[in-house]
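Subject: Structure handover

Hello,

Please find the structure below. My notes on it follow.

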Amino acid sequence: MKRLVLIFALIASPLFAVQPDEVLNDPVLEQRARDLSTGLRCLVCRNESIDESNAELARDLRLLLRERLVAGDTDKQAIAFIVDRYGEYVLLKPTVTGSNLMLWLAGPIMLLIAAAVGWSFLRKRSQAQPAGGNDALSEAEKERLRQILEE
């Protein structure tokens, strides 16, 4: 029974790639490092945090983050140091400022433009005159068409 509980506990808990030699002695600093590392992207594994990744670069980033925290950096300073070094791509949730603002706004703006174009097209289409009018066949043309169809 105890084994079953242990197996379920291991399955239910998130799996972390943090090695025992990376863990800090200070539990408060270690918790800060864990919290921060869940928001940093592994540059090898793409959409995994460095806390979940087994890649060597993720390990290097985890160690670098812990070094910065031990050195006395605040959370913002430690993240800023890593972002300065590796770029904003390292953040799993990028900031909504500067050049990123254009990326954040591009989708909704394109949706609004597409909706406006679609609405304009449908509006013009509903107001268009039905085909026919001057394009109708004359009596001579109708007679010639009847002759062709009877052949």
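A residue is called buried under 20% relative accessible area, exposed over 50%, and partly exposed in between (1.4 Å probe, protein chains only). By this definition Met-110 counts as exposed, because its relative accessibility is 54%. This is a predicted model, in which local features need pLDDT of at least 70 and side-chain atom pairs count only at pLDDT 80 or more, while totals for chains, interfaces and linings use all residues. Residues are numbered from 1 along each chain as its sequence is written, and side-chain values use heavy atoms, with hydrogens and water left out.

The protein has six helices and zero strands; helices (H or I, at least four residues) and strands (E, at least two) are DSSP runs, numbered from the N terminus. Of its 151 residues, 21% count as buried.

On the core: the largest nonpolar core has 19 residues, a core being a set of buried Ala, Val, Leu, Ile, Met, Phe, Trp, Tyr and Cys residues joined through side-chain atoms within 4.5 Å. Those with the most contacts inside this core are Leu-40, Leu-65, Leu-69, Ile-82 and Val-90. Two or more residues each come from helix 2 (27-37), helix 3 (56-70) and helix 4 (75-86), and helix 3 gives the largest share, five residues. Leaving aside neighbours within four places in sequence, Leu-40 is in contact (heavy atoms within 4.5 Å) with residues including Leu-65, Ile-79, Ile-82 and Val-90.

To return to Met-110, this residue lies in helix 5 (residues 99-127).

Regards
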